[in-house]
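Reader: I've got the sequence and the fold up on my screen, and I'd like to know what stands behind the labels. Can you take me through them?

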Amino acid sequence: MKVVDILRVKGGTLFTVAPDQPLAQAVTTMAELDVGSLVVMEHGDLVGMLTFREVIAAVVKNGGSVGTTQVRSVMDDHPLTCTPETEIDEVRRMMLGRHARYMPVLNGRTLMGVISFYDVAKAVVDSQDFENRMLKAYIRDWPVEEEPAPEPKL
């Protein structure tokens, strides 16, 4: 299974923010859209990722408020990325290795979408459920061998 399979099911809705946008405005957007991340885009290029992790760190650093902070100063400016052709097992390893919950999907420099750890976990579970059902159906339909007739005693 590949990332493109997740995007096909999930759709390509993208939520982005500019790096010079106030963090308060970005947080409001995240809350209104009920999303845990925004892709930071500048001049059509991905330049970072803003997740609730960076927001919380900024709020703590600023004494409990976002103040006048800009997205650029708190975003992850080297986010993990993958391509539509990346295998799901590789994405899972990458996300676990960096404790990343969100990963932008790039085709060259074009942003195709964002997948979450939830999306990856759901895809894996759905795939395992399908395989489990197929195996159970195969076992249920297993041909039963007839018992050979006992040989007559002479």
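Predicted model: local features only at pLDDT ≥ 70, side-chain atom pairs only at ≥ 80, totals over all residues.

Reader: Which residues of helix α1 are buried?

Author: In α1 (residues 3-10), the buried ones are V3, I6 and L7. They cover an arc of only 95° around the axis, so they sit on the same side of α1. The face turned away from that buried side carries R8 and V9, both exposed.

Reader: What covers the buried residues of α1?

Author: The cover includes α4 (88-98), β4, β5 and α5 (117-140). Just after α1 comes G11, with a positive phi of about 95°.

Reader: Now α2. How do you know that its buried residues line one face of the helix?

Author: Take L23, A26 and M30, the buried residues of α2 (residues 23-33). Look down the axis of α2 and they fall within an arc of 60°, so they line one face of the helix. On the face turned away from the buried side you'll find the exposed A31 and E32.

Reader: And what do the buried residues of α2 pack against?

Author: They pack against β1 (16-17), β2 (37-42), β3 (45-51) and α3 (52-61). After α2 comes D34, and its phi is positive, near 55°.

Reader: Why is Q25 called partly exposed?

Author: Q25 lies in helix α2. Its relative accessibility is 43%. Buried needs under 20% and exposed needs over 50%, with partly exposed in between, so at 43% Q25 counts as partly exposed. If you want a distance to check, the C-alpha atoms of Q25 and V66 are separated by 9.8 Å, and the two residues are 41 apart along the chain.

Reader: What makes β1 and β3 edge strands?

Author: The open sheet has three strands in the order β1-β2-β3, with mixed pairing. β1 and β3 each have a single partner strand, so one side of each is left without a neighbour in the sheet.

Reader: How many bridges join β1 to β2?

Author: Two, and the strands run parallel. Two strands count as paired from at least two bridges, so with two bridges β1 and β2 qualify. T16 stands opposite V39 in β2.

Reader: In what sense do β4 and β5 pair?

Author: Antiparallel: β4 (residues 102-107) and β5 pair over six bridges. They form a hairpin with two residues between them, and G108 in the turn has a positive phi of about 70°. Y102 stands opposite S116 in β5.

Reader: Why is S116 called buried?

Author: S116 lies in strand β5, and its relative accessibility is 10%. The cut-off for buried is under 20%, so S116 counts as buried. Leaving aside neighbours within four places in sequence, S116 is in contact with K10, M95, R101 and Y102.

Reader: Last one: what makes F52 part of a surface patch?

Author: F52 is in helix α3 and is partly exposed, with a relative accessible area of 33%. Patch members need over 30%, so at 33% F52 clears that cut-off. Together with I56 and V60, F52 forms a nonpolar patch on the surface, and the three have about 290 Å² of accessible area together.

Notes: Residues numbered from 1 in each chain as written. Heavy atoms only, no water. Buried < 20%, exposed > 50% of the residue type's maximum accessible area, 1.4 Å probe, protein only. Helix = DSSP H or I, 4+ residues; strand = E, 2+ residues; numbered from the N terminus. Arc of directions from axis to C-beta. Contact = heavy atoms within 4.5 Å. Patch = residues over 30% accessible without salt bridge, like charges linked within 9 Å, V, L, I, M, F, W, Y side chains within 5 Å. Areas by Shrake-Rupley, 256 points an atom, 1.4 Å probe, with all protein chains shown as cover. Salt bridge = Lys/Arg side-chain N within 4 Å of Asp/Glu carboxyl O.
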